[in-house]
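Here are my notes on the model you sent over. Have it open while you read, and start with the helix in point 1.

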Amino acid sequence: MRSENARVGILENEIRHIIGGKLLLDAGAIPDDSTLSELGFDSLGLSDLAEAFVEYFNVKMPDRMVPGTLTVNGLVDLIAAMRMPHGDVQAKWNSVEAAD
């Protein structure tokens, strides 16, 4: 369990650095509960962010878009599920899109 927590922590750190790089923010200053839209991403930025995740994490993002309603914690959960061999990614993605 501890190794799983460490992996999630590393994943969250990587996601924060990607977001921070795109918005020119300090990764540690990004609040967990702010949505991507609240952080300053517009539709083009969300598409660019999705592309960065596809390239960095080798995951597939439907329509190469990340919903602006996702938070950092939501992104960690989503990308962690996408990286799991048998994760229920489609159900998680559908729940995210429904909130958008």
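1. Helices are DSSP runs (H or I, at least four residues), numbered from the N terminus.

2. A word on the source. This is a predicted model, where local features need pLDDT of at least 70 and side-chain atom pairs count only at pLDDT 80 or more, while totals for chains, interfaces and linings use all residues. Residues are numbered from 1 along each chain as its sequence is written, and side-chain values use heavy atoms, leaving out hydrogens and water.

3. Now the two ends of α3. At its start, a side-chain oxygen of D42 comes within 3.3 Å of the backbone nitrogen of L44. After the helix comes N58, with a positive phi near 55 degrees.

4. Which residues of α3 are buried? They are G45, L46, L49, A50, A52, F53, V54 and F57. Buried means under 20% relative accessible area, exposed is over 50%, and partly exposed lies in between (1.4 Å probe, protein chains only).

5. Have a look at the aromatics. There are two aromatic pairs in the structure. F53 and F57 make a tilted pair, because their ring centres are 5.9 Å apart and their planes sit at 40 degrees. Y56 and F57 pair edge-to-face, at 4.8 Å centre to centre and 80 degrees between planes. Rings of Phe, Tyr and Trp (its six-membered ring) pair if their centres lie within 6.5 Å; planes under 30 degrees apart are stacked, over 60 edge-to-face, the rest tilted. F53, Y56 and F57 form one cluster.

6. F53 and F57 are four residues apart in α3, so about one helical turn separates them.

7. F53 also matters for the core picture. The largest nonpolar core has 25 residues, and I15, I19, L36, F53 and M61 touch the most other members. Elements giving it two or more residues are α1 (2–23), α2 (36–39), α3 (43–57) and α4 (72–83); α3 gives the most, with seven. Such a core is a set of buried Ala, Val, Leu, Ile, Met, Phe, Trp, Tyr and Cys residues joined through side-chain atoms within 4.5 Å.

Notes:
A polar contact is a pair of N or O atoms within 3.5 Å; within protein, one must be able to donate a hydrogen and the other to accept it, and residues adjacent in sequence count only if both atoms are side-chain atoms.
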